[in-house]
Amino acid sequence: DGGTHFGTLTNSSTDFEIGVTTADKDIKFKGNDGGSDIIALTLDMSNEGSAKFNNDVKLLSDSSVVTFGADSEIQIQHSHNDGLNINRTTTTNTSPISLNLRSGEADISDGEIIGKITFSAPGDDAGGDANLVGAAIQARAGATFSSTVNNTEIDFMTGASEAATTK
């Protein structure tokens, strides 16, 4: 780049620091995947260092935790051989945990599905019906939404040699 200074590698109290000296320019980790050049990770300095991964993020520990918030009060934690736990670490009595499924749609019409949780076993060796959605819970608009209307119905769906349906 003709000798232009654009980044730094620094020892700061024995911490190895990588820096970009040009405002709002990114740090990119590049590699070669099967003969194709890729950008595996971009740290977006115009957005406070947001990390953009080209593909999967794999946390290999059986006790991996992803934390959110300035005080790390919300956690998603891997529970070995069980699944995921969503935790709120705040211990005050008025601090419940909340999981929100939010539609980004601008117009919700009568009968439209607003959100849905499905339960399935797509890896079951039996195949066929065993791999279909076995149960679901969905929120469905009971009327067209407006500034004064948000009528919503909840459907509980189960399967019986078929994909789950409301019975």
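Reader: What is the relative accessible area of E153?
Author: It is 35%, and E153 is partly exposed. Buried means under 20% relative accessible area, exposed means over 50%, and partly exposed lies in between (1.4 Å probe, protein chains only).

Reader: What should I know about the model before going on?
Author: This is a predicted model: local features need pLDDT of at least 70, side-chain atom pairs count only at pLDDT 80 or more, and totals for chains, interfaces and linings use all residues. Residues are numbered from 1 along each chain as its sequence is written, and side-chain values use heavy atoms, with hydrogens and water left out.

Reader: OK, back to E153. Which residue forms a salt bridge with E153?
Author: R140 does, with the closest N and O atoms 2.7 Å apart. E153 sits in strand β11 (residues 152-158) and R140 in strand β10 (residues 133-141), so the pair ties together parts that are 13 residues apart in sequence. A salt bridge here is a side-chain nitrogen of Lys or Arg within 4 Å of a carboxyl oxygen of Asp or Glu.

Reader: What about D155 and R140?
Author: They form a salt bridge too, and the closest N and O atoms are 2.8 Å apart. This pair links distant parts of the chain: D155 is in strand β11, R140 is in strand β10, and they are 15 residues apart. Together, R140, E153 and D155 are linked in a network of salt bridges.

Reader: D155, buried or exposed?
Author: D155 is buried, at 7% relative accessible area. R140 is partly exposed, at 22%.

Reader: How many salt bridges does the count give?
Author: Four. One of them joins K52 and D44, at 3.2 Å from N to O.

Reader: And how accessible are K52 and D44?
Author: K52 is partly exposed, with a relative accessible area of 45%. D44 counts as buried, at 8%.

Reader: New topic. How many helices and strands are there?
Author: Zero helices and twelve strands. Both are DSSP runs, numbered from the N terminus: helices are H or I with at least four residues, strands are E with at least two.

Reader: Where is I108?
Author: I108 is in the loop between β8 (83-88) and β9 (113-120). I108 is buried, with a relative accessible area of 10%.

Reader: What does I108 touch?
Author: Leaving out residues up to four places away in sequence, I108 touches S103, I114, A141, A143, T144 and F145. Contact means heavy atoms within 4.5 Å.

Reader: How far is I108 from N150?
Author: In space, 9.0 Å from C-alpha to C-alpha; in sequence, 42 residues.

Reader: Let's zoom out. What is the radius of gyration of the chain?
Author: The chain has 24 Å, whereas a compact globule of 167 residues would have a value near 15 Å. The radius is taken over C-alpha atoms, and the globule rule is 2.2 Å times the number of residues to the power 0.38. Along its principal axes, the C-alpha trace spans about 70 × 50 × 35 Å.

Reader: What share of the chain is buried?
Author: Buried residues make up 11% of the 167 residues.

Reader: And which share of the contacts is between residues 24 or more positions apart?
Author: 18%, counted among contacts with a separation of 6 or more.
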